2 protein chains.
Amino acid sequence: MTYGAKLAALADPTRRAVFEALRGGPRSVGEIASGLPVSRPAVSQHLKALKDADLVRDEPRGTARLYRIHAPGLLELRTWLDGFWDDALERFKTFAETESEPPSEDRQ
Amino acid sequence: MTYGAKLAALADPTRRAVFEALRGGPRSVGEIASGLPVSRPAVSQHLKALKDADLVRDEPRGTARLYRIHAPGLLELRTWLDGFWDDALERFKTFAETESEPPSEDRQ
DNA sequence: TTGCTCCGTAAGTCATAGCTAACTGTAAGC
DNA sequence: GCTTACAGTTAGCTATGACTTACGGAGCAA
């Protein structure tokens, strides 16, 4: 389970909307679909992609099925980004000190 | 400039390879392309996408053109992920305490 | 100025992925 | 046991995007 799969899973706007719908707590497919302009099968497919990326976990509740955000899955993405961030920030600080012009105004 | 564009930019494996090639410092288009199994225009297009997402900045160096990671652009993505992380972790802890079974074994 | 090198853009092709519609499977209720 | 309701799966269509080839522009050297 790599961070690439998680990034790809969160890249799609609709899928990200599905993911963010779980931010308030566990939801079923139908509940999520009712709040989005896409069909229920589409939501189900997005949830499958999120599940494959280990970003959500599901749990049967009678005939329905509850999906919730899987925090440990988010951790890997966070770790990758943090490593990148530390590296980039260090170089950015060096760059900002050596260059005279302010970096935030740099070639916009 | 939303985090959605940044996520979409980093979702593609090749584009992520281009981005990670900049981790060691500023590089030109040709340098990056020589280390990847894609053509130079492809790298150029990926760099444009990364630039549009405010993840990199470019700078002319004679006939060449140096690209570098733009740390402030990464910050927005980090902030979004952190907010999500805090929320998800809180719910995950609550879930782990209420449920008897360990969450990491939950319906794999 | 001419030639070389490096880069960006346009056009075209091809693969991937997201969507809907239709079908199947399963649990709850009478 | 049958019906109903909810979720997952599959097929097919469409659209998006990633890639290459070809072309044009800009800077440096002779």
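**View 1. Phe19(A) and Phe84(B) are both buried.** Buried means under 20% relative accessible area, with a 1.4 Å probe and protein chains only. The model is predicted: local features need pLDDT of at least 70, side-chain atom pairs count only at pLDDT 80 or more, and totals for chains, interfaces and linings use all residues. Residues are numbered from 1 along each chain as its sequence is written, chains are lettered from A and ligands numbered from 1 in the order in which they are written, and side-chain values use heavy atoms, without hydrogens and water.

**View 2. Six aromatic pairs turn up over all chains.** Rings of Phe, Tyr and Trp (its six-membered ring) pair if their centres lie within 6.5 Å; planes under 30 degrees apart count as stacked, over 60 as edge-to-face and the rest as tilted. Phe19(A) and Phe84(B) are stacked, because their centres are 4.9 Å apart and their planes at 20 degrees. This pair crosses between chains: Phe19(A) is in helix H2 (residues 13–21) of chain A, and Phe84(B) is in helix H5 (residues 71–98) of chain B. Helices are DSSP runs (H or I, at least four residues), numbered from the N terminus.

**View 3. Trp80(A) and Phe84(A) pair edge-to-face.** Their centres are 5.3 Å apart, with 65 degrees between the planes. Both lie in helix H5 (residues 71–98) of chain A, four residues apart, about one turn of the helix. Trp80(A) has 9% relative accessibility, so it counts as buried.

**View 4. The charged end of Arg23(A) sits over the ring of Phe84(B).** The distance to the ring centre is 4.4 Å. The rule: NZ of Lys or CZ of Arg is within 6 Å of the ring centre and within 35 degrees of the ring normal.

Definitions and conventions:
Helices (H or I, at least four residues) and strands (E, at least two) are DSSP runs, numbered from the N terminus. Buried means under 20% relative accessible area, exposed over 50%, partly exposed in between (1.4 Å probe, protein chains only).
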